[in-house]
Amino acid sequence: MARRKRQSMAAGGAEDDVNLTPMLDVVFILLIFFIVTAQFIKEPGVAIIRPDVDNKADAKPLAILIAINSESEIYIDKKLISPEEVGFTIKQMREDNPRGEIVVQADVNSTAETLVDVMETINRLDGATAINISAKIE
């Protein structure tokens, strides 16, 4: 009797173990799904104080981000760009993402001349492109 009990316990012990392999497979598949579908937020690369506005319309996910800091320097993709190179840089970025929106973040202390020059350059490249001006939402 004691021998039968020991044999049945030994045989049943192996069957009672939980196999974690299918659960790990599911976890890795979910991890890959969330990494692939995540939308990443682009940052301008410089500290910018955006102006307050009454119109609080949200833009779609950003494609081309242009930042103008307080010294009226222009940054595209976290790189300092001269005003003469803005058109060429936007053309290059348009090749990668032709339907992407253009968002301009201008510092409160930047000159309006720089903002207007950037907007005119964008309009010269493609007059149908809507230019979104980023502002602080409170």
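**Loop geometry and helix packing in a predicted model**

D77 is found in the loop between β2 (74–76) and β3 (79–81), where helices (H or I, at least four residues) and strands (E, at least two) are DSSP runs numbered from the N terminus. The structure is a predicted model, in which local features need pLDDT of at least 70 and side-chain atom pairs count only at pLDDT 80 or more, whereas totals for chains, interfaces and linings use all residues. Residues are numbered from 1 along each chain as its sequence is written, and side-chain values use heavy atoms, with hydrogens and water left out.

The loop between β2 and β3 also holds K78. Phi of D77 is near 60°, a positive value in a residue other than glycine; for K78, likewise a residue other than glycine, phi is positive and near 65°. D77 counts as partly exposed because its relative accessibility is 46%, while K78, with a relative accessible area of 54%, is exposed. In these assignments, buried means under 20% relative accessible area, exposed over 50%, and partly exposed in between (1.4 Å probe, protein chains only).

The protein as a whole has 4 helices and 5 strands, which follow the pattern α-α-β-β-β-α-β-α-β when read along the sequence. Of the 138 residues in the protein, 27% are buried. Contact is defined as heavy atoms within 4.5 Å. Among contacts between residues at least 6 apart in sequence, 66% join residues at least 24 apart.

Confidence was examined by pLDDT, the predictor's confidence in each residue, from 0 to 100. The mean pLDDT of the protein is 78, and 72% of its residues reach 70 or more. Confidence is lowest in helix α1 (residues 2–15), with a mean of 55, and highest in helix α2 (residues 21–37), with a mean of 91. Where pLDDT is low, the predicted coordinates should not be read in detail.

Helix packing was examined for α3 and α4. The axes of helix α3 (residues 86–96) and helix α4 (residues 112–125) come within 10 Å and cross at roughly 50°. Axes are lines fitted to C-alpha atoms, for helices over the stretch in contact, and angles run from 0 to 180 degrees between N-to-C directions. Helices α3 and α4 are therefore oblique to each other; angles under 35 degrees count as roughly parallel, over 145 as roughly antiparallel, 65 to 115 as roughly perpendicular and the rest as oblique. The crossing of α3 and α4 is right-handed, a term used if the near helix is turned clockwise from the far one by less than a right angle, with left-handed used if anticlockwise.

On the α3 side the contact is made by V86, G87, I90 and K91, and on the α4 side by T121, I122 and L125. These residues divide into 4 nonpolar, 2 polar and 1 charged. In this division Ala, Val, Leu, Ile, Met, Phe, Trp, Tyr, Cys and Pro count as nonpolar, Asp, Glu, Lys and Arg as charged, and the others, Gly among them, as polar. T121, which lies in helix α4, counts as buried because its relative accessibility is 11%. Leaving aside neighbours within four places in sequence, T121 is in contact with V86 and G87.

E113 is likewise found in helix α4, but counts as exposed at 59% relative accessibility. E113 and S72 are 41 residues apart in sequence, with a C-alpha to C-alpha separation of 8.9 Å. N97 is placed in the loop between α3 and β4 (102–106) and counts as partly exposed at 35% relative accessibility. The C-alpha atoms of N97 and I64 are separated by 8.6 Å, the two residues being 33 residues apart along the chain.
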